[in-house]
Amino acid sequence: GMQPVGANGFRIAGPKTGKSWMMGEEGYCMSTAQSLFGHFRVPKRRRILIIEEEDNQRRVRRRLKRIIHAHGGVTPDDNYFRISVKKGVRIDNPKWREVLQWEIQQFCPEFVYLDVWNRLHSKDINKADEMSEIILFLDDLSREYGCAFIILHHTRKANGQGDSHDEIMGSRVLSGFTEATVFMSPSKERGLIRVKVVLKDEPEDGNFEPEFQVRLADTEDGLGTYFEYLGAPPERQASAELREKIKNFVLSQENPVTAKQVGEAVGCSKPTAREHLNILVDLKIISK
């Protein structure tokens, strides 16, 4: 429900928000078939390749050690989890492209994490032609070898309204590449992170969670670090409860009802009622 197989994506956040911790958690859980955040089910083990160019060997090793400890000490199999740290990888360099292609061809990863985007090339992220050239290379690898690239990248300093993908720093070419984007934003409470998931193709079973909260916390013995799933933000929980009330009201009626009647029955405005009704129609729970 968060990262479809074969879907290229981004993990977008500001500095010190937990992008690298989330990458480690995702990669570890997918390679060991453990539930992500103890909540999102991983149906089977997936091969994970991580290209780490931001943090040094000591920091990466410490992070993985703490993640492994928090998950009961289960070490990922080398056939499913591999990581390259500070090797100087540059995906705009022909020689490094050969190395990356060879590694993907030999290891056959299903997901390749790239951390962090600006350190993996020397191009101008605001120039469409320069970004297109790199993105096309990754797209070719994705099609030829069946792997998905997940790129860790920064958000714009001034987030505007409208399309969430506008928050991705750089040329719009980047947002055109992604099919599964996860936006992370910190809160005033220490360790609490708000997560927003934007999928090109959302699951149609009605269980998709577009927004939820997690807390980055240490284990009781202080030796491990994990993400604690906290559910939907309070305002989204209230919205979900209202939608459930609207659904129950409509389905309990023998005759069709209007948006105005629904609003009066559940105590909300007509536009709010219409918004929820349209969502229920899209989910094929009610008909219009």
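1. A word on burial before anything else: a residue is buried when its relative accessible area is under 20%, exposed when it is over 50%, and partly exposed in between (1.4 Å probe, protein chains only). By that rule, buried residues make up 47% of the 288 residues in the chain.

2. Some ground rules. This is a predicted model, in which local features need pLDDT of at least 70 and side-chain atom pairs count only at pLDDT 80 or more, while totals for chains, interfaces and linings use all residues. Residues are numbered from 1 along each chain as its sequence is written, and side-chain values use heavy atoms, with hydrogens and water left out.

3. Now the overall picture. The chain has 8 helices and 9 strands; these are DSSP runs, numbered from the N terminus, with helices being H or I of at least four residues and strands E of at least two. The C-alpha trace spans about 70 × 50 × 35 Å along its principal axes. Of the contacts (heavy atoms within 4.5 Å) with a separation of 6 or more, 62% are between residues 24 or more positions apart.

4. The accessible surface of the chain comes to about 15400 Å², and carbon and sulfur atoms own 47% of that. Accessible areas come from the Shrake-Rupley method with a 1.4 Å probe, and for residues only the protein chains shown count as cover.

5. Charges next. There are 43 positive and 42 negative side chains, and the centres of the two sets lie 3 Å apart. Lys and Arg count as positive, Asp and Glu as negative, and His and the chain ends are not counted; a charge is placed at NZ of Lys, CZ of Arg, CG of Asp or CD of Glu.

6. A search of the whole structure turns up 15 salt bridges, each being a side-chain nitrogen of Lys or Arg within 4 Å of a carboxyl oxygen of Asp or Glu. One of them joins E26 and R11 at 2.8 Å, N to O. E26 sits in helix α1 (residues 19-32) and R11 in strand β1 (residues 9-13), 15 residues apart, so the pair links distant parts of the chain. Both residues, E26 and R11, are buried.

7. R66 and D218 also meet in a salt bridge, at 3.4 Å, N to O. R66 belongs to helix α2 (residues 57-70) and D218 to strand β8 (residues 211-218), so this pair ties together parts that are 152 residues apart in sequence. R66 counts as buried, at 13% relative accessibility.

8. For a local pair, look at K247 and E244, whose side chains meet at 3.2 Å, N to O. Both lie in helix α6 (residues 234-252), 3 residues apart, or about one turn of the helix. E244 is partly exposed, with a relative accessible area of 37%. Separately, D55, R59 and R63 are linked in a network of salt bridges.

9. Which residues gather in a patch of positive charge on the surface? They are K260, K270, R274 and K288, and K260 has its place in helix α7 (residues 259-266). Patches use residues with over 30% relative accessible area and no salt bridge, joining like charges within 9 Å and nonpolar side chains (Val, Leu, Ile, Met, Phe, Trp, Tyr) within 5 Å.

10. Finally, H69. This residue lies in helix α2 and counts as partly exposed at 33% relative accessibility. Leaving aside neighbours within four places in sequence, H69 is in contact with T219, D221, L223 and G224.
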